[in-house]
4 protein chains.
Amino acid sequence: MFFKQYVVEGMGCLSYLIGCPMAQKACVVDPKRDVQTYLNDARKNGMQITHVVETHVHADHVSGNMELKSRTGAKICMMKDSPVRFDFVPLDEGDILEFGNASLKIINTPGHTPHGISILITDKSRGEDPWLVLTGDCLFVGDIGRPDLAGAELIHEQVENLYISLHQKLGKLPESTEVFPAHGQGSLCGKGMSAKPSSTIGFEMRHNSIFTLSKEHFKKHLTLSFPERPKSFTHIIETNKKGAPLLDRCPTQRDLSPHQVTALLTQKTVLLDTRDTASFGGVHIPGSINIGLTPQAANWIGMVIDPEADLVLVVTDEQSYSHMCTELHRIGYDNILGYLDGGIAAWQEAGLPIDHLWQIAPMRLQEKIKRKDSLRILDVRTDAERAAGHIQDSIHIPLPRLLKEIPNFPREEEIIITCGVGYRGNIAASFLAHHGFQHVHSVAGGIKAWTNAGLPLTH
Amino acid sequence: MFFKQYVVEGMGCLSYLIGCPMAQKACVVDPKRDVQTYLNDARKNGMQITHVVETHVHADHVSGNMELKSRTGAKICMMKDSPVRFDFVPLDEGDILEFGNASLKIINTPGHTPHGISILITDKSRGEDPWLVLTGDCLFVGDIGRPDLAGAELIHEQVENLYISLHQKLGKLPESTEVFPAHGQGSLCGKGMSAKPSSTIGFEMRHNSIFTLSKEHFKKHLTLSFPERPKSFTHIIETNKKGAPLLDRCPTQRDLSPHQVTALLTQKTVLLDTRDTASFGGVHIPGSINIGLTPQAANWIGMVIDPEADLVLVVTDEQSYSHMCTELHRIGYDNILGYLDGGIAAWQEAGLPIDHLWQIAPMRLQEKIKRKDSLRILDVRTDAERAAGHIQDSIHIPLPRLLKEIPNFPREEEIIITCGVGYRGNIAASFLAHHGFQHVHSVAGGIKAWTNAGLPLTH
Amino acid sequence: MFFKQYVVEGMGCLSYLIGCPMAQKACVVDPKRDVQTYLNDARKNGMQITHVVETHVHADHVSGNMELKSRTGAKICMMKDSPVRFDFVPLDEGDILEFGNASLKIINTPGHTPHGISILITDKSRGEDPWLVLTGDCLFVGDIGRPDLAGAELIHEQVENLYISLHQKLGKLPESTEVFPAHGQGSLCGKGMSAKPSSTIGFEMRHNSIFTLSKEHFKKHLTLSFPERPKSFTHIIETNKKGAPLLDRCPTQRDLSPHQVTALLTQKTVLLDTRDTASFGGVHIPGSINIGLTPQAANWIGMVIDPEADLVLVVTDEQSYSHMCTELHRIGYDNILGYLDGGIAAWQEAGLPIDHLWQIAPMRLQEKIKRKDSLRILDVRTDAERAAGHIQDSIHIPLPRLLKEIPNFPREEEIIITCGVGYRGNIAASFLAHHGFQHVHSVAGGIKAWTNAGLPLTH
Amino acid sequence: MFFKQYVVEGMGCLSYLIGCPMAQKACVVDPKRDVQTYLNDARKNGMQITHVVETHVHADHVSGNMELKSRTGAKICMMKDSPVRFDFVPLDEGDILEFGNASLKIINTPGHTPHGISILITDKSRGEDPWLVLTGDCLFVGDIGRPDLAGAELIHEQVENLYISLHQKLGKLPESTEVFPAHGQGSLCGKGMSAKPSSTIGFEMRHNSIFTLSKEHFKKHLTLSFPERPKSFTHIIETNKKGAPLLDRCPTQRDLSPHQVTALLTQKTVLLDTRDTASFGGVHIPGSINIGLTPQAANWIGMVIDPEADLVLVVTDEQSYSHMCTELHRIGYDNILGYLDGGIAAWQEAGLPIDHLWQIAPMRLQEKIKRKDSLRILDVRTDAERAAGHIQDSIHIPLPRLLKEIPNFPREEEIIITCGVGYRGNIAASFLAHHGFQHVHSVAGGIKAWTNAGLPLTH
């Protein structure tokens, strides 16, 4: 049996290529939209991709099922009655798909979505017992799938389903069964996932803090808050239901002159600056949003930017543009108009308006605090990060919340934003500046720098 | 806890970066010699590499411990009394190394080597129970470490040790404990390893065909044949005991003209042609050995070429040269003199002697067989491949055996070599031609092509 | 004044970016179809490309005028009454285009085409005298434009025009005027061009062997033979008259499986194998044509392959595919169906038929000659190369002639082809094999190897 | 004859590969230190590089003669009595070097240096007349070599020599002879060179404003100011006299942590930040010098940084580091300690001190001027740029002068620096900040932006 896990860092999407080189057949489970990597691995191992299996309709990433179908003729398989508007092979509890030695048995595990499945995998060359289970968005490493994405009206049913899926289905598997979920750390489909992208049934039954809850506590817990639902999710779900449009390779020649960019800046256009914090801080186009090109970018884009927006990118080079296009396509942001040719230098030379975002050093902030300057320190980290210590008198608004609800601070107030290492601080600061706040700064290097500079945190 | 497995495809070496981004510390277990990838991942996750842990003295690959020590100042940790000639932190049963949330507990599991250890890992953020175990070269996925590499005189003690390590140590861990060994498919340190690079204690206890043997059968089984011991192993062990020399970047400018190559061709020099089978077949330098640049290359180099040899490479471009240098350094073949500048075209234009290796199509071979041409068909695949079907009247000598013992066929006989897809066939054919066989051919596309062409196999 | 010459190696197409960084304006003269390089240089030097000037309607390469117009809005300028079917700014004798300091004056110099122009360039920052002249396809370095491409019926008029353009127009410029033509070595638009891509009026008047002819000898000379007119020229002229379709980036994902390739092999499809001679020699798809990916490729493609053919490529990697696509687009071969995914190895493994092309070493050929084997040695080099010495008893058919007219040798005869270094030999051999010749071989390394091996040539 | 000119953009160094593919021999004239490009072109054209000819001992770039000698065994040829301390083939007036068809005749043309030569080149396949002349540092396109670099005591003799070399030697060649000098635009070895890197004797005689001077005016003119002599020149001359040390490939793994960088910051160390102006403006290490990675970088490095300094680089990625190393080696700055690993982000996160350089938008500067803020506007452009218009009340100190002589403005004054597009402004501003000026800013996009923003210049 051939088995390989693919990790999209940052978004935490996990997908799988499973097959049998001897039988020359393979399937992909929960493919990402950029599918070349599956094709390459399949060919290197002498296998044809004949099937794509979706554990559910994804909310967080656009599926690569249409790409794979188009490139290989593979059949798309999903739980019967799945709410999609393209043809697929319907699966049901107990169905078995065979790829030579690899045998995949379908287990119905609703709860995250009503039509979610898990896939129990047996390598017949090793024995007839199942070796591992793909748990989709039902059971994660250290967490479980959130039941709320299918809509508030379904939540009680979904919670009930989840409990059953976990305890009556997955929990009945042998303890030694390996667990490979559809998401890992970084995903917004759960909240406490581990950086380690695999586990076992036995370990999760004992150490997954939700799996171990009594039914009563389980229900109570799952009414508590979930990670913010990004703006992108509804659009992604809709795209996955229709079947995503085929990608042509991201156009690399959409170079726009400064004046072409200016002409494109309508109500519907967002200027997305993917440079690092120092560069954006030094000079940027007024109103642009700074989301640096890191694996985390896609998650934040989904929170900040409307999925219907037209995007103009500011990048450091053509390669960065190409990378960012891949990230954007993964979450269904396909309206990419192009990038500023010649970069920010071309913009400056055109004599067009520019803006700055002061990256304040921790020591300078400390001086300002000591001088009792009038300022507001805004901490946009997560609850967990906040709990580990914060700058005295700072206000805590986690970034996802801030992006949902613009705070009603006076627009002319000096606001200094602090986060982990500066990345989210620049997102927050550029977002506030975009909405008219006039004196927003970001702490260079965030709380990490503050701590490394030997400055005190309170609890 | 941060946990990442690194797979060297082909050689099947597995290594691990384990640490804690919050504590900003990490260690590498069983590093390969090209260490940049660990450094990059550590930095991206905000961790310093402070320790290198070796589960044992490796026989199959040169360790990157010296590189990491030189680049980061990391301490090298090994089982106490390990037979190495550099300073290290001695470890013993029960010792614990802590990297923030990640806790590593040493388990003494000799058998593959007398000083082999396993490492039991707990992620304290998830619970005090161990989550996974690094089993070094003791327990593999689907196999166990071979006890013979330490020398024939130790084999009975080693077998006894192995049995105890497996049943008294690893076998006592919770069934749900994940298993991450030091080797996976492709490795020559065991023989039946799975392509899947992880498992669980419970699954291996039930389905690992050696783990499940009674002690008596276990001992009997482990006196059976092992994979061939490559020429490289003694040299690699010696290198790892001394501490490998630091690599400068593989020199990329050692371009040699055809006449410089000619001048270098002494007794001690091997011409290693890394092109694909078709190119080598078309034109090559007489006497050169064809080992194509694939992940499998290092394993075969270790079987064919003397580790003390001086190497001159024939490559398709400078990048291939650089890749092959990395492969060679991984197994301690550091005497790389350079590459033929301008490639085989330059050689041809110099009017120097050339040779061919006819890649015979399956249909043509079938015609020859039907015509009852005088020829010998040599099948160099493994026993398992052979068992699945072979060409009638073909002789079976697995490639590793062929490379050890040149068969005493008449040198002028027509020999047609068949393997899986043609790769090993060209190794065998070029090796035989190197040793004076005059009419050696290789089946284009091997048994795979034969079968795809609809030709019959016998059993 | 900014002035830069661009050389397309192999095809010998020369183009020019001329402008003024202070005035921020520039024009491109005779652009190739892949225009990014002009755009980059213009931007780096702070210039907008506002005009494209064509010295004439090109027969040998597809113009990039439509690409530049689409990317920059540049105006296309040509001699008035030029026979094209798109809008352009008509130019006439004496017209002046100004780009800041750079002043371009139009000179009517018909002869190669009826509407050909030269462009006299003055850098006003250096003085009011012209500094250099772009001579289009009228005057080359060491040659002049061929008058025959416009059609046999116009040839006398064209020859007359050429004489006047050279002697009455260009020959009247100051001797020190630099000459920058539209073609250099490699071009099929003339026959004796120098490798040096610039000269002066004075030097050419004294040392250009055609410029120096008396009118009578001039006329006589220009009725002599011209370089073969490639199959591509009519199609290119037609494309340039219509305006070439805009290129999307060459599709890189048209990976075709061996069976998809097989299905595409209709009457209209040509298999173009771009690998080197050794690889093609070792294994290739029967009937495929070998034109290695070198700067010369485009010239030979234009001779061998019908411009309307559908092309399937055999390449070494995706990058080679992309390069070859650029070469093909330059000469208007836009019907590219894709490439064989997995390369020739995938073909072999599919068990499909293969062929070989024996690259015979000079020494072996010499042995065959001495043994008086029955064979025909075919020399496909140029007249000039042939004149410098050849293998005794070889038959001389220059490659362009061979490609026009398949020789009526018996199909089963052994034919050994010799050329300069082996490149053209493989083109010829694969072409003959394609047309049913059964025993064609190519001399490895060509006459260069023969000579370097110390073997004799006759005259 | 093969003839190719190589342009090092920015520094304006021109070098030449001249040879004969038929004779398979070539020479390089005035090679740059990174010689791979000559080797590649020679091989592609089937030529061996057998000689290196230096037209003189260079002051502005380290010669690649030692590299070529080491790689190919080529002989180094220079004017007899040249003041170098390595073996060379002495040349003298009238000597002829032959490379097949290419014939090189030595002309003694002292003036820039006492042992300078020009090389008259004949392509014997075109005629016995010379076709072109390599004029070294004697005659440039639009300028002549400066006579001052050899030392003040020799200047009158050098001026006299120059006049003779120009009028008695080069001026006697046929007007149509092409001129290929050793330097073009960007070089500091002259001051008015054209962007066009070739010309003719006739054109220069008529339009080169110095060539046309009477002897009296010539002498007067050549006592006028020269371009600033960079700090690097003495060191480069000395290096070229000794023979430059062979380069190993620039070490790419000298990654330094923020704390390693801190530890290296001694008196002798210079922090060279090669990022663009916006990035440097946003965040940089206090005291670092900003010279962005552009073709101009080497010229400014030679002016700002002591050639004996130890360098630590701040770069955007490893590739930039590698490029900047090439630039540094070209001018003999070989003491490169490494680069800040993780870039400026790593520095920020370490909580170490940071600084900003405000890139002020033209409109904002205009507002400040109108508000009559107390500030000093410093224009660091050249005299010629200044003459074309400047911001009212700005002070003019060309950058090279500023770098020589720190102005005695009060350190606490607000200084706003303006240049062409912002590049030199950041060099100046970082240089002044390095020397203790506390409020230095740079105009974003320089005078180009100012003008494009529609703001007025005065004259």
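This is a predicted model: local features need pLDDT of at least 70, side-chain atom pairs count only at pLDDT 80 or more; totals for chains, interfaces and linings use all residues.

**Charged side chains: points for the reader**

1. Glu318(D) has a relative accessibility of 35% and therefore counts as partly exposed, since that class lies between the limits of 20% for buried and 50% for exposed. The residue belongs to helix α10 of chain D, which spans residues 318-330.

2. Side chains of opposite charge can pair when their charged atoms come close. Over all chains, the count of salt bridges in this model comes to 120. The points below take up some of them.

3. In chain B, Arg33(B) and Asp334(B) form a salt bridge, with 2.8 Å between the closest N and O atoms. This pair links distant parts of the chain, the two residues being 301 residues apart. Arg33(B) sits in the loop between β3 (25-29) and α1 (36-44), while Asp334(B) sits in the loop between α10 (318-330) and β19 (336-340). Are the two partners buried or partly exposed? Arg33(B) counts as buried because its relative accessibility is 2%, whereas Asp334(B), at 28%, counts as partly exposed.

4. A further salt bridge brings together the side chains of Glu178(C) and Lys196(D), at 2.4 Å from N to O. Glu178(C) is placed in strand β11 (residues 178-181) of chain C, and Lys196(D) in the loop between β13 (178-181) and β14 (199-200) of chain D, so this pair joins two chains. Glu178(C) is buried, because its relative accessible area is 0%. Lys196(D) is likewise classed as buried, with a relative accessibility of 1%.

5. Within chain D, the side chains of Arg386(D) and Asp379(D) meet in a salt bridge at a distance of 3.0 Å, N to O. Which class of accessibility applies to Arg386(D)? Its value is 14%, so Arg386(D) counts as buried. Asp379(D) counts as buried too, with a relative accessibility of 0%.

6. Finally, salt bridges may be linked in a network, as the case of Lys4(A), Asp41(A), Lys44(A) and Glu9(B) shows. The network includes residues of chain A as well as Glu9(B) of chain B.

Terms used:
Residues are numbered from 1 along each chain as its sequence is written. Chains are lettered from A and ligands numbered from 1 in the order in which they are written. Side-chain values use heavy atoms; hydrogens and water are left out. Helices (H or I, at least four residues) and strands (E, at least two) are DSSP runs, numbered from the N terminus. Buried means under 20% relative accessible area, exposed over 50%, partly exposed in between (1.4 Å probe, protein chains only). A salt bridge is a side-chain nitrogen of Lys or Arg within 4 Å of a carboxyl oxygen of Asp or Glu.
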